[in-house]
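Subject: Handover of a protein model

Dear colleague,

I am handing over the structure below for your work.

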Amino acid sequence: MKLTFDREQFANAFAIAQGVAPARSPKPILQNVKFEATKDGGQFLATDLEIGVRVKVDGLDVSDPGSTVLPIQRFSQVLRESRDKQMTLEVSGNGAVVKGERFKVKLSTESPDEFPSIADFHEEKYHAINAPLLREIIKRTAFATDNESSRYALGGVLMEMSESHIIAVGTDGRRLAKMEGAATAHAGHQTVDNPTIIPTRALTLIERAIGDEGEVKIAARGNDLLVHNERLTLYTRLVEGRFPRWRDVLPKRPDATKIPIQVGSLLEAVRQAAIVTSDESRGVDFKFGGGKLELHANTAQVGESEASMIVAYDGPGITITLDPRFMIDFLKVLPIDRTIIFEAMDGSGPAVLSTDDGYQYVIMPLSRDR
């Protein structure tokens with residue numbers, strides 16, 4: 001195999017594949033990334049046997065097609081330490097030679113025939129969704145999952161795909177994030193009656209790799225899932241187990257007070273109030289009334305903090321105690337100039353935060369005598 005490549009594009013694609021390969025494995029071959037080159041282009045392949053990825057590489061000039069297996073640590077150093085725009089890769093026998101204008105490294109490589117096969121996308125049944133929307137869905141739900149749960153399958157995001165819609169839900173039992181948007185079913189693909197829980201790690205890789213343009217195809221196949229666009233194909237096993245009855249968590253409160261608040265101002269106030277909280281005393285009191293939101297925290301042997309902001313609410317006083325970490329997680333995934341709706345009734349019920357584009361977030365309150 002012999003080719004010339006654009007170093008920056010090569011490095012970007014390699015980094016995505018590298019994120020899948022395990023740092024340690026009883027199968028040493030998995031600690032490598034496979035590279036395949038044809039006259040039409042090239043792709044990187046990586047897997048930890050739970051997740052597998054194929055990443056296309058642009059900027060290639062292939063003079064001799066072939067394949068090789070590249071050691072992750074050494075090859076990433078080669079790409080990082082070079083400043084050449086164009087480099088060459090030549091493979092013969094059990095070695096790969098990477099050259100720049102004044103830089104040359106020869107690496108020992110293993111046989112590409114020993115590398116596990118990775119699923120490609122040939123599905124007729126799938127959902128199609130815009131890449132920016134899918135990225136937003138992942139960003140707004142994956143942070144709320146819990147990989148430590150043993151009772152429920154909370155280490156991933158539940159995706160319910162119907163004829164023209166997708167609903168994603170992430171929860172750790174103390175807060176719940178739900179995002180929905182438009183998606184088109186092809187050949188009758190749907191997952192409403194078949195729980196499809198996608199591992200958080202796989203979603204993080206997808207969000208980072210799919211880009212901001214074009215269409216993404218998602219196909220659920222029993223115990224696994226395939227995600228595909230022009231740049232990559234990702235395979236992942238699904239999380240096994242029961243997911244909570246999440247619809248029961250979303251309160252139906254037509255009489256609840258709904259208060260509009262700007263994200264940036266609220267984020268600043270919450271961070272200020274959270275300064276004195278600790279692992280033993282996490283709560284911050286959110287007190288609405290008199291056209292203001294007042295935030296207060298008091299922790300023994302640490303201190304006391306107060307913050308306030310103007311809000312459009314002059315009704316009866318409402319106080320609810322929340323974990324500021326959960327509030328900050330929610331606010332960080334939104335633009336600072338976005339307006340959210342803060343819905344609350346009293347200190348015993350959950351706080352429900354929502355936007356006008358299909359996003360809801362539920363935070364269970366803390367005891368006032370925390």
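Which residues does Asp224 touch, not counting residues up to four places away in sequence? In this predicted model, the partners of Asp224 are Ala219, Tyr235, Thr236, Arg237 and Leu238. Asp224 belongs to strand 17. Its relative accessible area is 12%, and because the limit for a buried residue is under 20%, Asp224 counts as buried.

Overall composition

The protein contains six helices and 26 strands. Of its 370 residues, 51% count as buried. Taken along the principal axes, the C-alpha atoms fill a box of roughly 75 × 50 × 35 Å. Among contacts between residues at least 6 apart in sequence, 68% join residues at least 24 apart.

Arg140 is buried, with a relative accessible area of 2%. Leaving aside residues up to four places away in sequence, Arg140 touches Ala177, Met179, Val333, Leu334, Arg338, Thr355, Asp357 and Tyr359.

Helix 4

Helix 4 covers residues 200–209. Seven of its ten residues are buried, so helix 4 is largely enclosed by the rest of the structure. The buried residues are Thr200, Ala202, Leu203, Leu205, Ile206, Glu207 and Ala209. Just after helix 4, Gly211 takes a positive phi of about 80°.

The cavity

How many cavities of 30 Å³ or more does a search of the whole structure find? The search finds one. The space in the largest cavity amounts to about 30 Å³. Its lining consists of Leu134, Ile138, Met159, Ile198, Leu203, Ile206, Ile218, Leu225 and Val227. Helix 3 (131–141), helix 4 and strand 17 (224–228) are the elements that give two or more residues to this lining. By class, the lining residues divide into nine nonpolar, no polar and no charged. Leu203 and Ile206 of the lining are also among the buried residues of helix 4.

An open sheet of four strands has the order 22-21-20-23, and its pairing is antiparallel. Strand 22 (303–310) and strand 23 (318–322) are the edge strands, each pairing on one side only. On average, neighbouring strands of this sheet are turned by 15° against each other, direction ignored. Helix 5 (residues 263–273) packs on the sheet and touches strand 20 (284–289), strand 21 and strand 22. The direction of helix 5 makes about 165° with that of strand 22.

Within this sheet, strand 21 (residues 292–299) and strand 22 run antiparallel and are joined by eight bridges. His296 stands opposite Glu306 in strand 22.

What joins strand 7 to strand 8? Strand 7 (residues 86–92) and strand 8 run antiparallel, with five bridges between them. Leu89 stands opposite Val98 in strand 8. The two strands form a hairpin with two residues between them, in which Gly93 takes a positive phi near 60°.

Strand 8 also pairs with strand 9 (residues 104–108), in the antiparallel sense and over five bridges. Here Val97 stands opposite Lys106 in strand 9. The hairpin of strand 8 and strand 9 has four residues between the strands. Four of the five residues of strand 8 (residues 95–99) are buried, so strand 8 is largely enclosed by the rest of the structure.

With kind regards

Definitions and conventions
Residues are numbered from 1 along each chain as its sequence is written. This is a predicted model: local features need pLDDT of at least 70, side-chain atom pairs count only at pLDDT 80 or more; totals for chains, interfaces and linings use all residues. Side-chain values use heavy atoms; hydrogens and water are left out. Buried means under 20% relative accessible area, exposed over 50%, partly exposed in between (1.4 Å probe, protein chains only). Two strands pair if DSSP finds at least two bridges between them. Axes are lines fitted to C-alpha atoms, for helices over the stretch in contact, and angles run from 0 to 180 degrees between N-to-C directions. Contact means heavy atoms within 4.5 Å. On a 1 Å grid over the protein atoms alone, a cavity is a set of points where a 1.4 Å probe fits but cannot get out, and a pocket is an open set with protein on both sides within 12 Å along at least five of seven lines; lining residues have an atom within 4 Å of a point. Grid points are joined across faces, edges and corners, and a volume is the space filled by probe spheres set on the points. Ala, Val, Leu, Ile, Met, Phe, Trp, Tyr, Cys and Pro count as nonpolar, Asp, Glu, Lys and Arg as charged, and the others, Gly among them, as polar.
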